Amino acid sequence: MFVYKIETQKYITVLDLSRTESWGTFELEQEDDFDIFDHRKSNSTPGRTFLADQDTMNELVELINQQIQKNHRLHTDGAVHIVSSESAAGSLRAGLESPKTVIGFPDHLSIGPLGKLDEKLAQTYRKEWLMENINFEEETEYPIKFSNTLRELEDIPSDVPIYIWYGNNANEQICMRFLIYLLRNKTNEIFLINSTELYGKHFTTTEEHRHISDTSQIKSEDIKLLFDVNKRGNSLSNKERTQLQMEWEALAQTKENLRIWNNGEIKGVPENHFDVEILHIIEKLHEQQGNRDFIKVGRVVEELFIQIDEFAGIYFLEYRIRHLIYSGFLELKGIPKSILHYSVRKRIK
């Protein structure tokens, strides 16, 4: 028998479980002893470890988090701030004054299949697409982090204001609508903060904010200023909330795996939308080299962020570079397990 001692009110991940010593294994003489078993009156089996595959570990963590949620509700004397990335959440935690709670959504919804992501079937389908195509960090932690975020949203008490931060890019625009949908049964006041619009309005040095297209790009000290000038804005009306919920439901039915922000709208486009630009950037870098030597993929992605208007995300651009390799447009040097591990050049015909 495997016994885990819950010593935290925070939801855990597989990494947390693998690093903790708050567990032990016990032997039962008979299967019927399970119903009366009390680990406090038994001794764990010494020298025995516990091994499990990834799916089993995920199931264990889910069971543990379910127990944590039964005995836990979020307690906060301040507002709850939600933003569509963990990196942006870090900036909010550092920049905003206490008391506050910050929740970062651990996904990039401008890429991959959507569907009813508050349900397990759509979550599994999306996870499989990401695992098959995207080289993102901590990919094994993704399903648990997604589930934990949904739990954190459920746990928000009804007496605190909720601020949703987003920018003028497809990922944050989609995530904002998904969050409004997830919070549809909450009676809290909900405020929207368009970080990129406010940044452009209140920071007049155009050279500095020209490429700010995502909340994660804003410094923590600037986050505080943006909140101070906007925290007394109007909360969403019921009509506005209903409209945004309906917009999410429409997005959830779309079939494209890539979405961009175009002329103030979320637009689905083919996966190869950026391929021509990728090839153009690599050709441009070859010209700067004066030859066709291999170029680090990280350098290519860096240049793409400067040149393209849409914020597609590092991992999707790297996925398309790999596709161009497999399709014969690019040559490869190294092992394509991350942007740091390989280089490319245009194939010489």
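Helices (H or I, at least four residues) and strands (E, at least two) are DSSP runs, numbered from the N terminus. This is a predicted model, in which local features need pLDDT of at least 70 and side-chain atom pairs count only at pLDDT 80 or more, while totals for chains, interfaces and linings use all residues. Residues are numbered from 1 along each chain as its sequence is written, and side-chain values use heavy atoms, with hydrogens and water left out.

Let us start with helix H13, residues 314-326. Its 13 residues should span 18 Å at 1.5 Å a residue, and the 19 Å between its end C-alpha atoms agrees; the expected span is 1.5 Å times one less than the number of residues. After H13 comes Gly328, with a positive phi near 90 degrees.

Among the buried residues of H13 are Phe316, Leu317 and Ile321, where buried means under 20% relative accessible area (1.4 Å probe, protein chains only).

| Element | Residues |
|---|---|
| Helix H4 | 120-133 |
| Helix H11 | 275-289 |
| Helix H12 | 297-307 |
| Strand E10 | 330-334 |

Leaving aside neighbours within four places in sequence, Ile321 is in contact with residues including Ile278, Val300 and Val344.

Ile321 also belongs to the largest nonpolar core, of 62 residues, and is one of those touching the most other members, as are Trp248 and Phe274. Such a core is a set of buried Ala, Val, Leu, Ile, Met, Phe, Trp, Tyr and Cys residues joined through side-chain atoms within 4.5 Å. Helix H6 (residues 170-182) gives the most to this core, with eight residues.

How values were computed. Buried means under 20% relative accessible area, exposed over 50%, partly exposed in between (1.4 Å probe, protein chains only). Contact means heavy atoms within 4.5 Å.
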